[in-house]
Amino acid sequence: MKIWELRVDADKFYCLTLVNDQEWNKFANMFDGRKLEASWEPFDVRIIDEKKRKKMGDALYLSPNVPVLNLKALDAINDLIQPYVEILPLYSENGVLYALNVINIIDCIDYENAEFERYPDTGKIMWCKKYAFNKEALEGQHIFKTIDTPRSRALVSDEFRDRVQNKKLKGFEFVEVWSSGE
């Protein structure tokens with residue numbers, strides 16, 4: 001079993017930005033594991049970097065901790081991510097895109113073997129240098145964030161990664177962060 005950090009290949013594929021720059025602070029502070037669907041008002045986004053010979057991906061970069069997918073990608077992985085995410089619409093000139101709000105926040109860290117950078121004033125975890133997980137807590141978890149780092153990038157299972165690769169979805173990147181050693 002392996003766990004992967006979900007990223008988007010911003011070097012080869014188009015990136016997005018909010019049409020209204022004034023909305024960045026609001027947007028950036030929303031995605032921390034809390035449900036947003038009831039109060040969600042879709043943001044308008046636009047593609048940037050079009051002149052740099054990049055391509056349209058099935059996953060697009062908007063913010064490090066918010067995966068944005070097109071309908072093709074969403075359809076391909078929907079059975080793996082429900083009910084662990086909220087699918088929130090974003091409007092673009094190319095149609096509707098979908099921000100994934102990961103609400104599956106789990107207590108799964110093996111604290112004896114993980115390494116963290118902590119905030120000096122509070123001692124809370126700022127980010128993880130080396131992940132270690134309790135394997136039992138990961139059974140059936142295909143997309144999640146840890147209870148200690150809910151503002152971080154989403155973490156995904158082998159099955160999620162394999163599905164994306166088998167469906168030949170473009171724009172996704174996966175960085176291995178942990179292996180059970182099996």
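Nine salt bridges are present in the structure, a salt bridge being a side-chain nitrogen of Lys or Arg within 4 Å of a carboxyl oxygen of Asp or Glu. The model is predicted: local features need pLDDT of at least 70, side-chain atom pairs count only at pLDDT 80 or more, and totals for chains, interfaces and linings use all residues. Residues are numbered from 1 along each chain as its sequence is written, and side-chain values use heavy atoms, with hydrogens and water left out.

**Salt bridges**

- Glu 5 and Arg 7 are joined through their side chains by a salt bridge of 2.6 Å, N to O.
- Glu 5 is buried at 11% relative accessibility, whereas Arg 7 is partly exposed with a relative accessible area of 30%; buried means under 20% relative accessible area, exposed over 50%, and partly exposed in between (1.4 Å probe, protein chains only).
- A further salt bridge, also given as 2.6 Å from N to O, pairs the side chains of Asp 79 and Arg 163.
- This pair links distant parts of the chain, 84 residues apart, with Asp 79 in helix α2 (residues 71-81) and Arg 163 in helix α3 (residues 158-166); helices (H or I, at least four residues) and strands (E, at least two) are DSSP runs numbered from the N terminus.
- Asp 79 is exposed, at 53% relative accessibility.
- Between Asp 162 and Arg 161 there is a salt bridge whose closest N and O atoms are 3.9 Å apart, and Asp 162 is partly exposed at 34% relative accessibility.
- Glu 5, Arg 7 and Arg 153 belong to one network, joined by salt bridges that share partners.

**Surroundings of Lys 54**

- Lys 54 is placed in the loop between β3 (45-48) and β4 (59-63) and counts as buried, with 14% relative accessibility.
- A polar atom of the Lys 54 side chain lies 2.6 Å from the backbone oxygen of Ala 10.
- Residues up to four places away in sequence aside, Lys 54 touches Ala 10, Asp 11, Lys 12, Phe 13, Tyr 14, Cys 15 and Asp 49, where contact means heavy atoms within 4.5 Å.

**Nonpolar surface patch**

- Tyr 119, Met 126 and Trp 127 make a nonpolar surface patch of about 290 Å²; patches are made of residues with over 30% relative accessible area and no salt bridge, like charges being joined within 9 Å and nonpolar side chains (Val, Leu, Ile, Met, Phe, Trp, Tyr) within 5 Å.
- Met 126 lies in strand β10 (residues 125-130) and is partly exposed, its relative accessible area being 33%.

Note on methods
Areas by Shrake-Rupley, 256 points an atom, 1.4 Å probe, with all protein chains shown as cover. Polar contact = N/O pair within 3.5 Å; in protein donor to acceptor, adjacent residues only side chain to side chain.
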